[in-house]
Amino acid sequence: MSSAPPCPTDCAARVLDAALEVFREYGYRSSIDAVAARAQVARQTIYNHFGNKETLFCTALTRAVQEVFSTLGTGDGDCRERLVRFGLTFRQRVLSPESINMHKVMVSESGRFPELAQSLYQSCYVYSRTQMADLLQCAMQQGVLRQDDPMEAANILIDMLISHDHTLLVFGGGPLDPQQELDKVNRALELFLRLYALPAAPATTDAASQ
């Protein structure tokens, strides 16, 4: 049996990429050996970096979520333009066949591994909505959106972006039409921004006309 190649400087990133692929394809019961083979590293290398399978699983998923939300803080344009770019990226990642399969894996394993489920809930679900809430709170403070509870606004926006289609895909529906993606994101943002629009300025009386 040939030995694994030495681990390069990007070893941890390569292991996380491989772990995400393997867990999406085969579920949480996938072995560390399968991840090591996919990443082309020694089994012990994974344990040296991550300690155990649970940490590897959580780290791989958390990293994937953080990569999606990194688009919120980058790029030019106003708040709406940034949200459009984010919405398209978010839907592409979250509604992909691989992500839908991963969601099913997480739900199916939650009863057997409740601590893992809670960890993933915090690092993926709560993290994603907290990041969105931070952006929306900044927009509220800048006078772009009306002042309100930013976390509630984040929940509403994310649900508007993906909730219906995510449920459809989890229950075996689809596939989605990629030609409709931009229209769906624009429609969700149109409704959201209408809901959180700044209050209309009070009408003023033109004394000169009286």
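Is Arg29 buried or exposed? Let's start there, and keep in mind that we're looking at a predicted model. Arg29 comes out at 59% relative accessibility, so Arg29 counts as exposed. You'll find Arg29 in the loop between α1 and α2. Leaving aside neighbours within four places in sequence, Arg29 touches Lys53, Glu109 and Arg112. Take Lys53: it sits 24 residues from Arg29 along the chain, and their C-alpha atoms are 9.5 Å apart.

Helix α1 covers residues 11-26 and helix α2 covers residues 32-39; they pack at about 125 degrees, with 8 Å between their axes. That makes them oblique to each other, and α1 passes α2 in a right-handed crossing. On the α1 side the contact includes Val15, Ala18 and Val22, while α2 brings Ala34, Val35, Arg38 and Ala39. By class, that contact has eight nonpolar residues, four charged ones and no polar ones.

The model has seven aromatic pairs. One of them is Phe23 with Phe57, edge-to-face, 4.7 Å centre to centre and 75 degrees between the planes. Phe23 is in α1 and Phe57 is in helix α4, residues 53-69, so this pair ties together parts 34 residues apart in sequence. Phe23 counts as buried at 1% relative accessibility, and Phe57 is buried too, at 2%.

Phe57 also pairs with Tyr28, this time tilted: 4.8 Å centre to centre, 50 degrees between the planes. Tyr28 lies in the loop between α1 and α2, so here the parts tied together are 29 residues apart.

Notes. Residues are numbered from 1 along each chain as its sequence is written. This is a predicted model: local features need pLDDT of at least 70, side-chain atom pairs count only at pLDDT 80 or more; totals for chains, interfaces and linings use all residues. Side-chain values use heavy atoms; hydrogens and water are left out. Axes are lines fitted to C-alpha atoms, for helices over the stretch in contact, and angles run from 0 to 180 degrees between N-to-C directions. Helices (H or I, at least four residues) and strands (E, at least two) are DSSP runs, numbered from the N terminus. Angles under 35 degrees count as roughly parallel, over 145 as roughly antiparallel, 65 to 115 as roughly perpendicular and the rest as oblique. A crossing is left-handed if the near helix is turned anticlockwise from the far one by less than a right angle, and right-handed if clockwise. Contact means heavy atoms within 4.5 Å. Ala, Val, Leu, Ile, Met, Phe, Trp, Tyr, Cys and Pro count as nonpolar, Asp, Glu, Lys and Arg as charged, and the others, Gly among them, as polar. Buried means under 20% relative accessible area, exposed over 50%, partly exposed in between (1.4 Å probe, protein chains only). Rings of Phe, Tyr and Trp (its six-membered ring) pair if their centres lie within 6.5 Å; planes under 30 degrees apart count as stacked, over 60 as edge-to-face and the rest as tilted.
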